[in-house]
Amino acid sequence: MRVLGVDPGLTRCGLGVVDVAPNRTATLVGVGVVGSSHELTLDARLLVIANAIDQWLDAFTPDVLAIERVFAQTNLSTVMGVAQVSGVVMVAAARRGVPVAMHTPSEVKAAVTGSGRADKASVTAMVTRILRLDEPARPADAADALALAIAHAWRSGSSVDTGAPGTTAAQQLWRDAETKAKLTKNKEKPGAAWR
C-alpha cells in the first residue's frame with residue numbers, strides 16, 4: 001500500500017509518501033514540506049499548497065491519502081488555516097479518485113509510538129526507526145506526515161464493523177460522540193426534529 005501522509009498547515013504543510021508491505025514493513029518513498037509565505041494573500045497561499053499537492057499526487061500516485069483531522073484549538077486562526085488547507089488537499093485527492101482517510105493526532109501517536117500522548121520528539125524518533133532512516137526527517141511537519149502515512153497503513157487492517165472500510169475504533173468513538181452531540185443539540189432546541 002502506498003500512502004501519502006499530509007500534515008496540513010498554511011505556513012508549513014508536511015508531505016510524506018510511504019510504501020507499506022503486508023508484513024507492515026514501511027519504506028520511505030518521498031518526504032518534504034511545502035511552505036507559503038504569510039506575506040501572500042490567503043488565496044495565493046492556498047494555491048501554492050494546491051499546486052504542490054497536485055504535483056505530489058501525480059508523481060507518487062498513492063493508493064490513499066491520510067490527513068490529520070482538524071480539531072478545536074484555542075487559536076481560531078490556526079484552526080481555520082489548517083481546515084482550509086485540508087479542504088484543498090481533499091479536493092485534489094477526490095479529483096484523482098484517491099480515497100482520503102482522516103486520523104486524529106492521538107490515533108497517529110498511538111499507532112506509531114504506542115502512546116496517544118507521545119511528544120513530537122518521540123514520534124520523530126519512532127518514524128526514523130520504523131523507516132530505517134539515517135537521520136530524522138526535518139522539520140517536524142515532515143516527520144508528522146510520515147507518521148500519518150505509517151499509522152494509516154498499520155491501522156487500516158484493524159477496522160471495526162461500521163460499514164466504512166478502514167474505520168478504526170478511535171474513529172468510531174469520535175463518530176459516536178459527534179452523533180450524540182448532534183442529538184443533544186437537537187433535543188435542546190424547541191421543536192427540533194430527531195434525526
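**Helix packing and nonpolar cores in a predicted model**

Biologist: Which residues does Val18 touch, leaving aside residues up to four places away in sequence?

Modeller: In this predicted model, contact requires heavy atoms within 4.5 Å. By that criterion the partners of Val18 include Met1, Arg2 and Val3, and also Leu131, Leu146, Ala149 and Ile150.

Biologist: Which element gives the largest share of the largest nonpolar core?

Modeller: This core has 26 residues, and Val18, Ala26, Val112, Val127, Leu131 and Ile150 touch the most other members. Two or more residues come from each of β2 (12-20), β4 (64-68), α3, α4 (120-130) and α5. The largest share, 10 residues, is given by α5.

Biologist: Why is α3 described as roughly perpendicular to α5?

Modeller: Helix α3 spans residues 105-113 and helix α5 spans residues 140-155; their axes come within 9 Å. Angles of 65 to 115 degrees count as roughly perpendicular. The helices α3 and α5 therefore qualify as roughly perpendicular, for their axes cross at roughly 75°.

Biologist: How many charged residues are in the contact of α3 with α5?

Modeller: On the α3 side stand Glu107, Val108, Ala110, Ala111 and Val112. They meet Ala147, Leu148, Ile150, Ala151, Trp154 and Arg155 of α5. By class, the contact has 9 nonpolar residues and no polar ones, and the charged residues number 2.

Biologist: What is the handedness of the crossing of α1 and α2?

Modeller: Helix α1 covers residues 42-60 and helix α2 covers residues 76-95. Their axes lie 9 Å apart, at an angle of about 35°. The crossing of α1 and α2 is right-handed.

Biologist: How many nonpolar residues does the contact of α1 with α2 have?

Modeller: From α1 come Leu42, Leu46, Ile49, Ala50, Ile53, Asp54 and Leu57, and from α2 come Gln84, Val85, Val88, Val89, Ala92 and Ala93. Of these, 1 is polar and 1 is charged, while the nonpolar residues number 11.

Biologist: In what order do the elements of the chain run from the N terminus?

Modeller: The chain holds 6 helices and 5 strands. From the N terminus on, their order is β-β-β-α-β-α-β-α-α-α-α.

Biologist: What percentage of the residues of the chain counts as buried?

Modeller: A residue is buried when its relative accessible area is under 20%. Of the 195 residues in the chain, the share that counts as buried is 41%.

Notes: Residues are numbered from 1 along each chain as its sequence is written. This is a predicted model: local features need pLDDT of at least 70, side-chain atom pairs count only at pLDDT 80 or more; totals for chains, interfaces and linings use all residues. Side-chain values use heavy atoms; hydrogens and water are left out. Axes are lines fitted to C-alpha atoms, for helices over the stretch in contact, and angles run from 0 to 180 degrees between N-to-C directions. Helices (H or I, at least four residues) and strands (E, at least two) are DSSP runs, numbered from the N terminus. A crossing is left-handed if the near helix is turned anticlockwise from the far one by less than a right angle, and right-handed if clockwise. Ala, Val, Leu, Ile, Met, Phe, Trp, Tyr, Cys and Pro count as nonpolar, Asp, Glu, Lys and Arg as charged, and the others, Gly among them, as polar. Angles under 35 degrees count as roughly parallel, over 145 as roughly antiparallel, 65 to 115 as roughly perpendicular and the rest as oblique. A nonpolar core is a set of buried Ala, Val, Leu, Ile, Met, Phe, Trp, Tyr and Cys residues joined through side-chain atoms within 4.5 Å. Buried means under 20% relative accessible area, exposed over 50%, partly exposed in between (1.4 Å probe, protein chains only).
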